Amino acid sequence: MSVLPPVRRDRVIAQLPQVSIIQYMLAVKQSFECVTLSGFKIAKVIVVGDLAVGKTCLINRFCKDAFDKNYKATIGVDFEMERFEVLGVPFSLQLWDTAGQERFKCIASTYYRGAQTIIIVFDVNDVASLGHARQWLEDALKENDPTNVQLFLVGTKKDLSSPAQYSQIEQDATKLAEEIKAEYWALSSLTGENVKEFFFRVASLAFEVNVLAEIEKSGSRHIGDVIKINSNSNSLYATSKKKQSNCCQ
Ligand SMILES: Nc1nc2c(ncn2[C@@H]2O[C@H](COP(=O)(O)OP(=O)(O)OP(=O)(O)O)[C@@H](O)[C@H]2O)c(=O)[nH]1
Ligand SMILES: [Mg+2]
């Protein structure tokens with residue numbers, strides 16, 4: 001059996017980005033009742049968008065801190081697993097880098113199913129690639145439950161655009177993001193601008209959604225409940241009840 005090395009220190013998320021229900025619950029913790037959660041430790045993320053918009057470079061910048069200026073088309077799909085520690089709990093993103101080229105699209109789309117997060121990528125210097133974002137979303141949603149996915153619209157290659165050019169496309173991108181209920185990010189894989197922040201945001205939101213879904217499934221979410229994340233255990237959360245329970249001690 002292989003033993004995983006510890007999570008990299010720069011993959012530790014000590015706080016969730018917004019004042020979340022989980023943090024609130026942590027803040028007001030009283031007494032605990034254990035709930036073992038099983039399914040929340042990995043989130044599937046698919047990255048879609050036109051050819052050469054920079055999907056592979058984005059993933060490589062984050063996962064390998066590398067950037068290749070030569071274009072090598074992705075054939076079908078590639079895959080990376082990125083491990084985090086969120087609030088002391090191991091959590092991984094399974095990143096599926098799909099091909100933008102039309103001839104590989106049908107292989108790539110067979111990997112869309114089961115995505116928790118969809119990242120639609122466009123090039124901020126290429127209006128057409130933004131125009132195709134809706135179609136990418138539509139295709140990805142055919143294989144997924146639209147009410148159960150988190151969406152991100154990501155503009156790449158920000159380093160190549162002047163502030164004036166960028167502000168024009170930003171308006172369109174922000175509008176589209178609002179319409180499709182996606183969060184909008186602009187970044188550069190060449191310089192690394194915003195790349196780490198973006199993936200931390202993806203991981204934090206995916207973690208939060210998964211934990212809440214598990215708690216909901218376990219039937220233990222009531223007003224006044226408290227969740228405690230037990231960092232000594234891989235899959236243990238605890239919810240508070242008025243009366244004390246011994247099972248987490
Ligand atoms: N200047 C600059 N170039 C970038 C950036 N991101 C990607 N590129 C370049 O854009 C080209 C395409 O990048 P890829 O990441 O391979 O594109 P892709 O979306 O994965 O393409 P497919 O696999 O065919 O779908 C490469 O030549 C990259 O070097 C960026 O942030 N800035
Ligand atoms: Mg690629």
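This is a predicted model: local features need pLDDT of at least 70, side-chain atom pairs count only at pLDDT 80 or more; totals for chains, interfaces and linings use all residues.
# A chat about the fold and its helices

User: Hi! What share of the contacts with a separation of 6 or more comes from residues 24 or more positions apart?
Analyst: In this protein, residues 24 or more positions apart account for 76% of the contacts with a separation of 6 or more, where contact means heavy atoms within 4.5 Å. Residues are numbered from 1 along each chain as its sequence is written, chains are lettered from A and ligands numbered from 1 in the order in which they are written, and side-chain values use heavy atoms, with hydrogens and water left out.

User: Thanks! How many helices and strands are there?
Analyst: There are 7 helices and 10 strands; these are DSSP runs numbered from the N terminus, with helices being H or I of at least four residues and strands E of at least two.

User: Which residues of H3 are buried, and which are exposed?
Analyst: In H3 (residues 102–109), Phe104, Lys105 and Ala108 are buried. Those buried residues fall within an arc of 125° seen down the axis, so they line one face of the helix; the arc is taken from the directions from the helix axis to the C-beta atoms. Arg103 and Cys106, on the other side of H3, are exposed. Buried is under 20% relative accessible area, exposed over 50%, and partly exposed in between (1.4 Å probe, protein chains only).

User: And what covers the buried residues of H3?
Analyst: The cover includes strand S4 (77–86), strand S5 (89–98) and helix H5 (133–142).

User: Switching to H5, how does it sit against H6?
Analyst: The axes of H5 and H6 (residues 163–180) come within 11 Å and cross at roughly 25°. The axes are lines fitted to C-alpha atoms over the stretch in contact, with angles from 0 to 180 degrees between N-to-C directions. H5 and H6 are therefore roughly parallel to each other, a label for angles under 35 degrees. Ala133, Arg134 and Leu137 of H5 make the contact with Leu176, Glu179 and Ile180 of H6.

User: Where is lysine 181, and what is its phi?
Analyst: Lysine 181 lies in the loop between H6 and strand S8 (183–186). Its phi is near 60°, a positive value in a residue other than glycine.

User: Is lysine 181 buried or exposed?
Analyst: Lysine 181 is exposed, with a relative accessible area of 71%.

Technical notes. Angles under 35 degrees count as roughly parallel, over 145 as roughly antiparallel, 65 to 115 as roughly perpendicular and the rest as oblique.
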